[in-house]
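Please read it with the structure open beside you.

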Amino acid sequence: MRGTPLFALTLLLLVVQPAAAALPRATPESQGLSSSGLAALVQTLDTEVSEMHSLMIVRRGQVVAEGWWAPYAAEHRHVLYSLSKSFTATAVGFAVAEGRLSLFDPVVGFFPTETPADASARLKAMRVRDLLTMATGHQDEPPHTEETMTVASFLAHPVPHKPGTHFLYNTPATFMAGAVVQKVTGQTVLDYLRPRLFAPLGILDPVWDTNSEGMTLGGYGLRIRTEEIARFGQLYLQRGVREGRTLLPPDWIDLATSRQMSNGSNPRSDWDQGYGFQFWRSRNGYRGDGAFGQFCIVLPEHDLVVALTSGTRDMQRVLDLLWEHLLPLLQPQALPADPVGHDRLRTQLAGLALRPAEGGASSPAATAVLDRTFTEADGRRSVTVQTGATPGTLEVTWRDGESSHRFPFGHGTWAFSRGPVDAGALARLPDEPVAGTYGWTDESMLVLKVAAYETPFALTHRLTFRGDEVTVATEGNVAFGPTKRPEWTARAPAR
């Protein structure tokens, strides 16, 4: 599998070319889909998926439908979570094509100083290929937080199974694949992919989180935009060719997206159809995906790519709806033009939005609670609600220990700001762009909804006021753990 110098030379010539333009747009009918059928699909997703964020459908290389649920928007990046894994595998593909490594190289051979002195025979037998197919031989995942995931922690973890024989979804394995790339190239995965993948696809400013040692996380942490996800899928659909230029060898695309490892036997599950090199085989085509519904879906048999972001707990439901409602729309020939239906679809897509906080703009209780600071008995947390600087808005100041942050909230619209978002375990985000709405559901309850619109996460705070006391109840739409937080109560000095 080692690449040839010729391909490496060709690659070097390609990466200096200008960034690719946006994908072309076309009417659905010109690409064999019905505008009214797509409108019904969008309506179904909006109704039946707990929280959609974006959708882009590409047929025969043409974008036929695209929409974002406000405050999400085309110009905003979105956290990919494990969809990042497919990009890390792509970095390995480039390194193989350039002859820098082989799929069958032993992992420990790259890291002699980090390998334990008493390394087991099974650890020594682990190959790069096993990292990509989630067949490292682990029974459980090695440590995988940003603070604990390192090369040394991975190599120190027990390997009770023969590598290549036991499937275990394993985020640190992806990190290690990226660590191998960094070892042989001297660059992080992010920097290595910039000229080879990101620039040719027009992804000019990707963001990718790192571990405590500054290494790209690999298995998660990448943020790019919805169309950039679609361009990535289109590159794979076209077997590594972008605008007539070969970026990745077709044989790598074929290997990465074909069934390399068995991972289950449920015919109704899109997570039991086999696994490639950091791509899932699906009941239809293949895909990269990430927690809470971040999808890059490729259906070669239909010349179709779907890029989708969301904040849902039921990812299988998203795929079920696509198979049920999108696949029947795909026709081999162009359909008669339908300008009226197309205009209706475009209007529908332009008007998509998350549901704002329920309730009215004011309440009899508002005058009694505004400009008062309610503080927990131990003094650690407090909340203050004030009239906003812009008409029709509120500003809420949250204090937790030494940290204090003020966020604006609009009524029936979104007010934008930045600040920390605590979405639970593995999602405590120190500085995020956020949008907020508010509503009074009755005279004593103020509902605040916060969307961290580069992530899947939204938080709803319900503040119930009773005289000089407030109870705060918080629930997230999704989380790595419980979505509901313990309630807390605070008091304000009596007036």
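What share of the contacts in the protein chain with a separation of 6 or more comes from residues 24 or more positions apart?

1. The share is 61%. Keep in mind that this is a predicted model.

2. **Overall build.** The protein chain has 13 helices and 21 strands. Its radius of gyration is 25 Å, close to the 23 Å that the globule rule gives for 495 residues, so the chain is as compact as a globular protein of that length. The C-alpha trace spans about 80 × 70 × 45 Å along its principal axes.

3. Of the 495 residues, 59% count as buried. The chain exposes about 19,500 Å². Carbon and sulfur atoms supply 53% of that area.

4. Helix 3 (residues 84-97) packs against helix 8 (residues 189-198). The angle is about 75°, and the axes are 10 Å apart. Angles of 65 to 115 degrees count as roughly perpendicular, so helix 3 is roughly perpendicular to helix 8. Helix 3 brings Phe87, Thr88, Thr90, Ala91, Phe94 and Ala95 to the contact. Helix 8 brings Val189, Tyr192, Leu193, Arg196, Leu197 and Phe198. By class, the contact has 9 nonpolar, 2 polar and 1 charged residues.

5. **Helix 11.** Which residues of helix 11 (residues 315-325) are buried? They are Met315, Gln316, Val318, Leu319, Leu321, Leu322 and Trp323. The cover over these buried residues includes helix 2 (35-48), strand 9 (286-290), strand 10 (294-299) and strand 11 (304-310). Here is some background on helices. Residues three or four places apart point the same way, because an α-helix has 3.6 residues a turn.

6. **His78.** Look next at strand 3 (residues 78-79), where His78 is found. Is His78 buried or exposed? His78 counts as buried, because its relative accessibility is 3% and the cut-off is 20%. His78 and Ile224 are 146 residues apart along the chain, yet their C-alpha atoms are separated by 5.7 Å. Leaving aside neighbours within four places in sequence, the contacts of His78 include His53, Tyr72, Ile224, Thr309 and Glu454.

7. **Arg60.** This residue lies in the loop between strand 1 (52-59) and strand 2 (62-68). Arg60 is partly exposed, with a relative accessible area of 28%. Beyond its neighbours within four places in sequence, Arg60 is in contact with Ser30, Gln31, Gly32, Asp303, Gln331, Pro332 and Gln333.

8. **Thr464.** Find Thr464 in strand 19 (residues 458-466). Thr464 is buried, at a relative accessible area of 14%. Its contacts, neighbours within four places in sequence aside, are Ser444, Met445, Glu469, Val470 and Thr471.

9. **Backbone points to check.** Most residues other than glycine have a negative phi, and most peptide bonds are trans. Where does this model depart from that? The peptide bond from Ala70 to Pro71 is cis, with omega near 15°. Pro71 lies in the loop between strand 2 and strand 3. Tyr81 is not a glycine, but has a positive phi of about 45°. Tyr81 sits in the loop between strand 3 and helix 3 and is buried, at 11% relative accessible area. Gln278 is not a glycine either, and has a positive phi of about 70°. The loop between helix 10 (250-257) and strand 8 (280-281) holds Gln278. At 2% relative accessibility, Gln278 is buried.

Terms used:
Residues are numbered from 1 along each chain as its sequence is written. This is a predicted model: local features need pLDDT of at least 70, side-chain atom pairs count only at pLDDT 80 or more; totals for chains, interfaces and linings use all residues. Side-chain values use heavy atoms; hydrogens and water are left out. Axes are lines fitted to C-alpha atoms, for helices over the stretch in contact, and angles run from 0 to 180 degrees between N-to-C directions. Helices (H or I, at least four residues) and strands (E, at least two) are DSSP runs, numbered from the N terminus. Angles under 35 degrees count as roughly parallel, over 145 as roughly antiparallel, 65 to 115 as roughly perpendicular and the rest as oblique. Contact means heavy atoms within 4.5 Å. Ala, Val, Leu, Ile, Met, Phe, Trp, Tyr, Cys and Pro count as nonpolar, Asp, Glu, Lys and Arg as charged, and the others, Gly among them, as polar. The radius of gyration is taken over C-alpha atoms; the globule rule is 2.2 Å times the number of residues to the power 0.38. Buried means under 20% relative accessible area, exposed over 50%, partly exposed in between (1.4 Å probe, protein chains only). Accessible areas come from the Shrake-Rupley method with a 1.4 Å probe; for residues, only the protein chains shown count as cover.
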